Amino acid sequence: MSNLFSNKFISDEKNFALLQETMWGPNATRQSEELASYFTITKDMKILDLGSGMGLSALYLVQAYGAEVFATDLFADPTENYERFKSLGIADKIIPMLLDATQPLPFAKHYFDVIFSVGAYNMFGDNEEMLPKLIPYVKKGGYIAVSFPGLKYDFGHNVPSEMQPFWDVPEVARYVRGLQWWKDLFYKAEGIEIIHVGEQACHDIAWQEYLASRNPDVEEEKWDLDMMTAEDGKYFNTIQLIAKVI
């Protein structure tokens, strides 16, 4: 898999500083680049970016393809994102919005060419209703492409001892699931042709770049560092789905 955009992007000093400041998880530019490699994106497309955080996935979609992106998130301040996009010269291509993906979406059906989500889908899509809910907002022949943290296999009741302190947090046990669990969920949806469900090749480097930006003196950031040290490459993956609307 090519990382041409991500490698070039991160080699620039200003871009590297931007990544350090805005990553909310494993490097979203790398995840976005891998997702986008499975289908064609053009500058004429409208893309709904769900859970866009501080805008790295939206930035990628604009800078790499010139697409028009609706950068939506429940927790990121859209005004702060707008100011950031202005400073990068891409505000004319991105509409920042505060949006809860679990609520009715304020868009016309068949409006988007692509629904895209990096690092967030597992937080709202871990049910049989979400994917069928999203499909009508995509034009026939368009795509849904998502990536998010997962497990190589479900722990069930046999959580490895080194991971038990982290699995005491209820949200972790709910939102971090195994690859097969997600495959079983995705294949229940009608109205799509699944192009690919699997593990992202960029998992290791995307995590390395994120962890390098964490401060061990800040408790919340130390938590990530401690978890990934305990995991030691044995259990986690990054899961991706690419599906075509038919």
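**Pockets, ring pairs and a buried strand**

The largest pocket in this structure holds about 1500 Å³ of space. A pocket here is found on a 1 Å grid over the protein atoms alone, as an open set of points where a 1.4 Å probe fits, with protein on both sides within 12 Å along at least five of seven lines, and lining residues have an atom within 4 Å of a point. Grid points are joined across faces, edges and corners, and the volume is the space filled by probe spheres set on the points.

Before I go on, please keep in mind that this is a predicted model, in which local features need pLDDT of at least 70 and side-chain atom pairs count only at pLDDT 80 or more, while totals for chains, interfaces and linings use all residues. Residues are numbered from 1 along each chain as its sequence is written, and side-chain values use heavy atoms, with hydrogens and water left out.

Returning to the largest pocket, its lining is made up of 46 residues, and those nearest its centre are Trp-24, Gly-25, Gly-119, Ala-120 and Met-123. Among the elements that each supply at least two lining residues are helix H3 (28–36), strand E2 (68–73), helix H6 (121–124) and strand E5 (138–151), where helices (H or I, at least four residues) and strands (E, at least two) are DSSP runs numbered from the N terminus. Helix H12 (219–231) gives the largest share, 5 residues. By class, this lining has 25 nonpolar, 14 polar and 7 charged residues, with Ala, Val, Leu, Ile, Met, Phe, Trp, Tyr, Cys and Pro counted as nonpolar, Asp, Glu, Lys and Arg as charged, and the others, Gly among them, as polar.

The second largest pocket holds about 200 Å³, and of its 15 lining residues, His-203, Asp-204, Glu-231, Gly-233 and Phe-236 are the closest to its centre. Two or more residues of that lining come from each of H11, H12 and strand E7 (236–245), with H11 giving the largest share, 5 residues.

Let me turn to the aromatic rings. The whole structure contains 24 aromatic pairs, a pair being two rings of Phe, Tyr or Trp (its six-membered ring) with centres within 6.5 Å, called stacked when the planes are under 30 degrees apart, edge-to-face when over 60, and tilted otherwise. One of them, Tyr-60 with Tyr-65, is edge-to-face, at 5.7 Å centre to centre and 85° between the planes. Tyr-60 is buried at 2% relative accessible area, whereas Tyr-65, at 26%, is partly exposed; buried means under 20%, exposed over 50%, and partly exposed in between, with a 1.4 Å probe and protein chains only.

Tyr-121 and Phe-186 form a tilted pair, because their ring centres are 6.1 Å apart and their planes stand at 45°. Since Tyr-121 lies in helix H6 and Phe-186 in helix H10 (residues 179–186), this pair ties together parts that are 65 residues apart in sequence.

Finally, what is the bridge partner of Phe-148 in E7? That partner is Ile-239, and E5 and E7 run antiparallel, joined by 9 bridges, where pairing requires that DSSP finds at least two bridges between two strands. Strand E6 (residues 192–199) also pairs with E7 in the antiparallel sense, over 7 bridges. Strand E7 is largely enclosed by the rest of the structure, because 9 of its 10 residues are buried.
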